Amino acid sequence: IEHAFRRYADGVGANTIAAELNEMGFRSQKGKPFGKTTIRSWFQNPYRFSGCLTWDRLDKKGRLKPFEEWTMVKDAFPAIISYEQADQIYKQVQARKKVARNKGLKRPSKYLLTGLIICPVCESHFVVNSNLRKKQFHYICGTRNRVTQGCSNKIWIHLKHFEDQLM
């Protein structure tokens with residue numbers, strides 16, 4: 001565990017750390033090789049490895065509450081890493097989460113302006129809608145095609161023409 005936290009503080013990812021631990025011969029409590037998900041879970045609540053007992057970290061929907069709202073008891077059991085190391089790792093994890101990918105969209109897009117055009121009606125992002133048979137691609141409001149509570153904006157922007165005009 002100390003090795004994993006040291007490597008993460010150096011900027012190494014969970015997948016690489018899992019591979020390193022497995023190569024060193026370490027295994028989980030069940031005797032299985034470590035996976036990146038297990039390693040990531042260590043970093044999401046590193047305070048338990050610093051001897052802190054934490055609870056009330058999640059809201060009713062299972063989302064992480066702000067750190068200030070957690071309930072924590074320090075020195076509840078022997079520490080493997082220092083509280084300062086745990087704090088540094090937690091802040092590092094939070095900083096990585098806040099890196100904006102594609103201007104607010106949850107996944108990257110291969111289209112240049114996805115996420116940059118905002119609908120004037122509902123303030124949602126425009127996304128690419130396509131007809132592959134006709135090889136037509138155009139930007140539309142991302143909520144337009146929803147059955148309930150869809151946007152009333154009927155504007156569509158031809159992708160190729162619009163991007164060519166910008167270049």
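Which residue just after α2 takes a positive phi? Gly25 does, with a phi of about 95°.

## Basis of the model

The model is predicted: local features need pLDDT of at least 70, side-chain atom pairs count only at pLDDT 80 or more, and totals for chains, interfaces and linings use all residues. Residues are numbered from 1 along each chain as its sequence is written, and side-chain values use heavy atoms, with hydrogens and water left out.

Helices (H or I, at least four residues) and strands (E, at least two) are DSSP runs, numbered from the N terminus.

## Helices α1 and α2

In α1, the buried residues are His3, Ala4, Phe5 and Tyr8; buried means under 20% relative accessible area, exposed over 50%, and partly exposed in between, with a 1.4 Å probe and protein chains only. The cover over these buried residues includes α2, α3 and α4. Gly11 follows α1 and has a positive phi, near 100°.

Arg6 is also in helix α1, but counts as partly exposed at 47% relative accessibility. From Arg6 to Ile17 the C-alpha to C-alpha distance is 9.9 Å, and the two are 11 residues apart in sequence.

Helix α2 covers residues 14-23, and its buried residues are Ala14, Ile17, Ala18, Glu20, Leu21 and Asn22. They pack against α1 (2-9) and α3 (36-44).

## Nonpolar cores

A nonpolar core is a set of buried Ala, Val, Leu, Ile, Met, Phe, Trp, Tyr and Cys residues joined through side-chain atoms within 4.5 Å. The largest has 21 residues, of which Phe5, Ile17, Leu21, Ile39, Trp42 and Phe43 touch the most other members. At least two residues of this core come from each of α1, α2, α3 and α4 (83-97).

Contact means heavy atoms within 4.5 Å. Apart from neighbours within four places in sequence, Phe43 is in contact with Ala4, Phe5, Tyr8, Ile17, Ile89 and Val93.

## Asn45

Asn45 sits in the loop between α3 and β1 (53-55). This residue is buried, because its relative accessible area is 6%. Not counting residues up to four places away in sequence, Asn45 touches Thr54, Arg57 and Trp70.

## Cysteines

A disulfide is a pair of cysteine sulfur atoms within 2.5 Å. The whole structure has 0 disulfides by this search. Cys122 is in no disulfide, and the nearest cysteine sulfur, that of Cys141, lies 3.4 Å away.

Cys122 is partly exposed, since its relative accessible area is 34%. Cys52, in turn, counts as buried at 2% relative accessibility.

## The second largest pocket

On a 1 Å grid over the protein atoms alone, a pocket is an open set of points where a 1.4 Å probe fits, with protein on both sides within 12 Å along at least five of seven lines; lining residues have an atom within 4 Å of a point. The second largest pocket holds about 200 Å³ of space, where a volume is the space filled by probe spheres set on the points, and the points are joined across faces, edges and corners.

Its lining is made of Tyr8, Gly13, Ala14, Asn15, Arg40, Phe43, Gln44, Val93, Arg96 and Lys97. Each of α2, α3 and α4 supplies at least two residues of the lining. By class, the lining has 4 nonpolar, 3 polar and 3 charged residues; Ala, Val, Leu, Ile, Met, Phe, Trp, Tyr, Cys and Pro count as nonpolar, Asp, Glu, Lys and Arg as charged, and the others, Gly among them, as polar.
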